[in-house]
Amino acid sequence: MFLAIALSLCMALDVALGQVYPVEIINYSGPPDEFLNIVIIGDGYTDIQQDKFINDVRYTVNGFLNQKPFSDFREMINVYAISVISAETGASNNPDQLIDNYFGSSFWSYGIERLLVAWHYARITSVLNENTPFYDQGAIIVNDPRYGGSGGQFSVFTTHVQAIELFLHEFGHSFADLADEYWAGEQYAAEKTNMTRDNNPETIRWKYFLYNNGIGIYPHEESPTWYRPHQSCKMRFLGSPFCDVCSDKIENDIIAMVSGENQGLPIAFFGANKLVVDKGTEVNFYDFSINRPENWEWTFEGGTPGSSTEQHPVVTYEEAGSYSVSLKTVNSFGESLFEREMYITVNLPSDTWLIDYSDKVIIYPNPAGDYLIIDHDQVVIPSRYKIFNTLGMAVKEGIVEENIIVSGLPPGIYFIRIKVNNTFVTKKFIKE
Ligand SMILES: [Zn+2]
C-alpha cells in the first residue's frame with residue numbers, strides 16, 4: 001500500500017540528504033503500491049557480517065512465508081532487506097548502557113530480560129524513509145542468538161533458533177495489533193481482536209468463530225475477567241499456529257494493503273543491492289516506482305550498460321569512481337524522474353588508491369572548526385565531495401567550493417572524498 005503522503009515524501013527525497021543503504025529483494029510480488037511491503041533491517045551486524053545478515057533474513061522470511069496465513073498470501077507480499085552496518089555485534093544487556101550497534105537494540109528493556117527493544121527509534125524511521133519510503137511494516141532482526149523480541153510499531157526479534165517463530169509472533173503484534181494470549185500483565189490488558197472482557201457468546205468479538213477449531217471463551221487464569229479465543233494460539237505459544245481469530249485479522253489486514261487501479265502520474269524510485277563495489281561486480285538495480293509505469297529509462301553514469309529500459313537491470317562498473325544513477329518512469333498520465341548522485345562507488349584496487357593526487361589536494365585547517373578549505377588546483381570544478389564518518393556513513397555532500405561548512409558535524413574523525421580528474425582523493429580530518 002502507498003498512502004497519499006508518500007507522494008510528498010518521495011519528492012522530498014529528491015533533495016534531502018539522507019543515508020542510502022543497499023536494499024535486497026527477498027520476496028517480490030510486484031510494485032510497492034499494489035502489495036504489502038515488509039522491510040527488514042539488521043542491527044548488530046558488522047561490516048563483515050553483511051552476508052550473514054542477508055542469509056539470516058532469507059532463512060527467517062522463508063519460514064515466515066511458509067506458515068499460514070502468510071503462505072496463502074505470499075504473492076501479495078514484498079519483502080526487502082536493508083543492509084545497515086553496526087560497529088558492534090549483537091545487542092546490549094542494559095538499555096541504559098547501549099552498545100555501539102546501529103539501532104540501539106537491548107535486552108532487559110523495562111526490566112524484562114527477553115524484552116528486546118531497538119531504542120534508536122528515529123534511526124529506524126530515517127533508514128526506512130530514505131531507502132524504502134513505501135514500507136508498510138518494518139522489522140529489526142538483531143544479530144544475537146539469545147531469545148528476545150518485542151512487537152511495538154516495529155517488530156524486533158533475534159537470530160535465536162526460534163527466530164521464525166519470534167518474527168511471526170511479533171509481527172502479529174506490530175502488523176495486526178494482536179494481543180498476547182498469554183497473560184503479559186495488567187498493563188498490556190486491552191480490548192483487542194483476540195482479547196476482551198466480553199464473555200457473552202452473542203456479542204463477543206469472535207462470535208462468528210466460536211466452537212470451531214478450538215475457538216472458545218477462555219478466561220486468563222491470572223486475571224479471569226479477561227478472555228482469549230484459543231488455548232494454544234501462536235500469540236500464546238511459539239510453535240503453535242495462529243488461531244482462526246488471529247489468522248482472520250492478519251488476512252484482512254493484508255488484503256487491505258492490496259490496491260487496484262492506477263491513480264495517476266508515476267513516481268520514480270529505486271534501490272540497489274550493492275552501493276560500494278569492486279571493479280567488474282554486478283549490481284542489481286530494483287525499480288520501486290509506483291502508479292504502474294509502462295516504461296523505464298535508466299541512466300548509469302560509468303556503468304555497463306550506460307542505459308537500460310528494463311525494469312530491474314543488472315549493471316557492472318569497470319572504472320573506479322563514484323557514479324550517479326537516474327530513472328525516468330513513464331505512463332499514460334506523464335513521467336517522473338528520480339536521481340541519486342554519487343550513488344554507486346567503485347573501489348580502486350588498493351595498490352593504486354590515491355597515489356596520483358593525494359599530495360596535490362590540500363585541506364585545511366585540520367583540525368577543522370566551522371569550515372574546511374580545499375586547495376583545489378587539481379580539482380575540476382564543479383566537482384562533488386562527500387564526507388564520511390568512521391563507520392563509512394555519509395554525513396554530508398555537496399559541490400566543492402572555497403569553504404565547506406562543517407560546523408554541523410559532531411566532533412570526531414571524518415574522511416572527505418573529492419573527485420579529482422577521474423580519480424578520487426580521500427583525506428582524513430578532525431572536526432573539533
Ligand atoms: Zn489467536
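In the hairpin of β22 and β23, with four residues between the strands, glycine 392 adopts a positive phi near 80 degrees. Strands (E, at least two residues) and helices (H or I, at least four) are DSSP runs, numbered from the N terminus. Keep in mind that this is a predicted model: local features need pLDDT of at least 70, side-chain atom pairs count only at pLDDT 80 or more, and totals for chains, interfaces and linings use all residues. Residues are numbered from 1 along each chain as its sequence is written.

**The sheet around the hairpin**

- Four strands make up an open sheet with antiparallel pairing, in the order β23-β22-β25-β26; two strands pair if DSSP finds at least two bridges between them.
- β23 (394-399) and β26 (423-431) are the edge strands, each with a single partner, so one side of each has no neighbour in the sheet.
- On average, neighbouring strands here are turned by 20 degrees against each other, direction ignored; the axes are lines fitted to C-alpha atoms, and angles run from 0 to 180 degrees between N-to-C directions.
- β22 and β23 run antiparallel and are joined by five bridges, with tyrosine 385 opposite glycine 398 in β23.
- Five bridges also link β22 (residues 384-389) to β25 (residues 412-420), again antiparallel.

**The mixed sheet**

- Five strands form another open sheet, ordered β12-β19-β18-β14-β16, and its pairing is mixed.
- The edges belong to β12 (276-278) and β16 (307-308); each has a single partner strand, so one side of each is left without a neighbour in the sheet.
- Strand β14 (residues 295-300) runs antiparallel to β16, and two bridges join them.
- Threonine 299 is placed opposite serine 307 in β16.

**Helix α4**

- Among the buried residues are Glu165, His169, Glu170 and His173, along with Leu166, Phe167 and Leu168.
- The cover over the buried residues of α4 includes α2 (50-65), β6 (137-142), β7 (149-151), β8 (155-158) and α5 (244-257).

Notes
A residue is buried if 20 or more other C-beta atoms lie within 10 Å of its own, exposed if 12 or fewer, and partly exposed in between; C-beta atoms are placed from the backbone. Two residues are in contact if their C-beta atoms, placed from the backbone, lie within 7 Å.
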